[in-house]
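Here is a short report on one predicted model.

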Amino acid sequence: MRPPHRSGGMVAAASAVLLFAACSTAPSPPDRGRGGPPGGVREAGGHAAVADPATVRADELGAVPVLMYHQLVTEPRSVYDRTPQDFRAELERLARERYVPVTARDFSGGKIDIPAGTHPVVLTFDDSTVSQFRLGPDGRPASDTAVGILLDVARKHPGFRPVATFFVNADPFREPGGRTSLDWLVKHGFEVGNHTLRHTALGTVDDAEVQEAIADNQRAITQAVPRSPVVSMALPHGSMPHSRQLAQEGAADGVRYRHQGVYLVGSNPAPSPFSTAFDPVAIPRIRSQEATGPDAPFTSAAWLDKLRDGTVRRYTSDGDPKKISFPGTETDRLAPAHRQAARPY
Ligand SMILES: [Zn+2]
């Protein structure tokens, strides 16, 4: 059995280190007057029309919240737990504030195809616990699981896509091999990512063990869902290997892995994948939590406030996935690789 992901000193220490590491590279300078909800969004028949980027205040170099969840329990025992009610309330807030979920794969690949004037959010789940996903006797996700709640919120909020990324370990969702669970998730548009086979803190082992921990889990995932390549990885405890590049690419026992995005534990919004600040090997995530306790400024509640009020410049879509729109004053933040698609205004 893999070691549980608890809020012991190790997790806290790793989080604290990452918190400061992540914050020291925080991408978003304080916003100067571009806050407030986008106006003038045009949609027709429920589909996004390509809008004038200025009208919707498109900013595809803005920050994206990548939210991190662990388990849903009625009585939280650590800051990594949320109640089902809190989880539902956060999803409803996101829907109200015109966020549209995209998978980690689509985010890191720059395939953010959402309506004009809306904002991408990435929902990520670590450790493959049964509170995240389990199928009921009727073959559908149990209504009290994260997937059940997400599907319910999406039904009530048309446009709020029920997609997410699950960073799984061995025997995910307590199913030996995980074939039925992972197959259901992939068939319904969810992404399965790597969280190592046995939840190894990769910064504590040598290069060979790093690659085994990742490659062994990729083998297990691929055996369960052969047609779903593993392109996203979340570091257990946020622990980066000593050889950083091995989090992205490596091989063991004949299995080669290559990740498009590697995700951290802490603790601020992620830079746009089109911006110079984007580092695919260290994508920050935000822990889902109320703005209380010593980490209050780094919780999802606090960051969503800052993204809403313009303290942090937020990614707002132009509705055209082929173009990258942003105010011309931000041109120096565009990564050179994306110049061809740029549409400054
Ligand atoms: Zn974990």
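## R287

R287 counts as buried, because its relative accessibility is 11% (buried means under 20% relative accessible area, with a 1.4 Å probe and protein chains only). R287 sits in strand β14, residues 286–287 (strands are DSSP E runs of at least two residues, numbered from the N terminus).

The R287 side chain makes a polar contact with the D295 side chain, at 3.1 Å (N or O atoms within 3.5 Å, where one must be able to donate a hydrogen and the other to accept it). R287 also lies over the face of Y80, 5.1 Å from the ring centre (CZ of Arg within 6 Å of the centre and within 35 degrees of the ring normal).

## Aromatic pairs

The structure holds eleven aromatic pairs (Phe, Tyr or Trp rings, using the six-membered ring of Trp, with centres within 6.5 Å). Y69 and F125 have ring centres 5.1 Å apart and planes at 20°, so they are stacked (planes under 30 degrees apart). This pair links distant parts of the chain: Y69 is in strand β3 and F125 in strand β7, 56 residues apart. Y69 is buried at 2% relative accessibility, and F125 is buried at 1%.

F133 and F173 pair edge-to-face, 5.4 Å centre to centre with 80° between the planes (over 60 degrees). Both are buried.

## Basis

Residues are numbered from 1 along each chain as its sequence is written, and side-chain values use heavy atoms, without hydrogens or water. In this predicted model, local features need pLDDT of at least 70 and side-chain atom pairs 80 or more, while totals for chains, interfaces and linings use all residues.

Definitions and conventions. Helices (H or I, at least four residues) and strands (E, at least two) are DSSP runs, numbered from the N terminus. Buried means under 20% relative accessible area, exposed over 50%, partly exposed in between (1.4 Å probe, protein chains only).
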